[in-house]
Amino acid sequence: MPTFTNQIVFITGAGSGIGRVTALAFAKAGARIAVAEINELNGRETVGQIKQQGGDAIFIPCDVADSEQIDKAVQQTVDVFGRLDIGINNAGIGGKFGRLLDQTKQDFNQIMAINIGGVFYGMQAQIRQMLKQKERAHLAGDHPAGGHPAGGKIVNVSSIAGVRGMPMGAPYSASKHAVIGLTKTAALEYVRQNIRINAVCPVYTHSPMVDELISTAPGMEERMRRMVPMGRFGQPEEIAQAILWLCSDENAFITGQALQIDGGLTAG
Ligand SMILES: NC(=O)c1ccc[n+]([C@@H]2O[C@H](COP(=O)([O-])OP(=O)(O)OC[C@H]3O[C@@H](n4cnc5c(N)ncnc54)[C@H](O)[C@@H]3O)[C@@H](O)[C@H]2O)c1
């Protein structure tokens, strides 16, 4: 298991599901966590759970659809912890379950604002800070032991719906395709600054978001399970471990990838 001793991790949507479990996993691996979340109660609960397991975390109220709020949240992280090493842009919504013609302009705009806006503004704020740190390290002639240059890591949470169509979820699928486009482009733009940027694309994973979806129609859970070659949903811990793995220094040559974590779904 990779270690992240004293590294500073900023995670959006860490009040629930995949984000919370990822925050707990990073904390267990030694990182200090900024939980940026729109739901204050849940965000504070995640911070409480991290502290209970002996870790360090802060809660920052943040709506990722608002660039000013993300900018402020990253700044607050730096004010408290002194720097930023890792950004995880995870916050997202599933949106309305319905065909293209059933989706309204409001449905469309909301999902784009959160699922794409959150990743776009999140990366802007995180990369700006990482570049500042790099500049400062350069000016100080600070080359850490082993010659590892300053930089950073970012993981954006896309979806299997970001690499294939998702009937009844066109805006969601479009937003998750966009996350991969943003990831690949930003990865190429900042590769020489040693900022590695990747995405994860989970298949159905147990979380409040998916539990809500499967509650909408009887038999839906079974149908969804059957689509996955492994015959089951993912566990949030399995997504979290992939995110940690992508951020690990042992994977320093991996950038611009969209890692599909899908029980074999896209192999066929
Ligand atoms: N669970 C799955 O099957 C699955 C599969 C593929 C991708 N994903 C993606 O994983 C990510 C996490 O999803 P999850 O399943 O854990 O869902 P979840 O609903 O359990 O968690 C999402 C979190 O994001 C927060 N959030 C929503 N809008 C926000 C906003 N505007 N600003 C800040 N925070 C906001 C919510 O409050 C919640 O805490 C999402 O991007 C989702 O699209 C999930």
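Let's start with strands β1 and β2. β1 covers residues 8-12, and β1 and β2 pair in the parallel sense over 5 bridges. Strand β2 itself runs over residues 32-37. How many of the residues of β2 are buried? The count is 5 of 6, so call the strand mostly covered.

One caution before going on. This is a predicted model.

Now the chain as a whole. We have 8 helices and 7 strands. The radius of gyration is 18 Å, and the globule rule gives 18 Å for 268 residues, so the chain is as compact as a globular protein of that length. Along the principal axes, the C-alpha atoms fill a box of roughly 60 × 35 × 35 Å.

What share of the residues is buried? Buried residues make up 48% of the 268. The accessible surface comes to about 12,900 Å². Carbon and sulfur atoms hold 54% of that surface.

Next, contacts. Take those between residues at least 6 apart in sequence. Of these, 71% join residues at least 24 apart.

Charges, briefly. The chain has 24 positive and 24 negative charges. How far apart are their mean positions? The answer is 3 Å.

Back to strands, and to β6. This one spans residues 195-202. Buried or exposed? Here 8 of 8 residues are buried. Look at the two faces. Side chains in a regular strand alternate between the two faces of the sheet. In β6, Ile 195, Ile 197, Ala 199 and Cys 201 point one way. Arg 196, Asn 198, Val 200 and Pro 202 point the other way. Both sets are buried, Arg 196 and Asn 198 included.

Which strand pairs with β6? It is β5, residues 152-157. The two run parallel, joined by 6 bridges.

Now two backbone points. Most residues other than glycine have a negative phi. Met 168 has a positive phi, about 80°, and it is not a glycine. Where is Met 168? In the loop between β5 and α5, with α5 covering 170-189. Met 168 has a relative accessible area of 30%, so it counts as partly exposed.

Asn 194 sits in the loop between α5 and β6. Its relative accessibility is 24%. The cut-off for buried is under 20%, which means that Asn 194 is partly exposed.

Last stop, Ala 25. This residue lies in helix α1, residues 17-28. Buried or exposed? Its relative accessible area is 9%, under the 20% cut-off, so Ala 25 is buried. What does Ala 25 touch, leaving aside its neighbours within four places in sequence? The contacts are Met 1, Ala 240, Gln 241 and Leu 244. Compare Asp 249. In sequence, Ala 25 and Asp 249 are 224 residues apart. In space, the C-alpha to C-alpha distance is 16 Å.

Note on methods:
Residues numbered from 1 in each chain as written. Predicted model: local features only at pLDDT ≥ 70, side-chain atom pairs only at ≥ 80, totals over all residues. Heavy atoms only, no water. Helix = DSSP H or I, 4+ residues; strand = E, 2+ residues; numbered from the N terminus. Rg over C-alpha atoms; globule rule 2.2 N^0.38 Å. Buried < 20%, exposed > 50% of the residue type's maximum accessible area, 1.4 Å probe, protein only. Contact = heavy atoms within 4.5 Å. Areas by Shrake-Rupley, 256 points an atom, 1.4 Å probe, with all protein chains shown as cover. Lys, Arg positive; Asp, Glu negative; His and termini not counted. Charge placed at Lys NZ, Arg CZ, Asp CG, Glu CD. Pairing = 2+ DSSP bridges.
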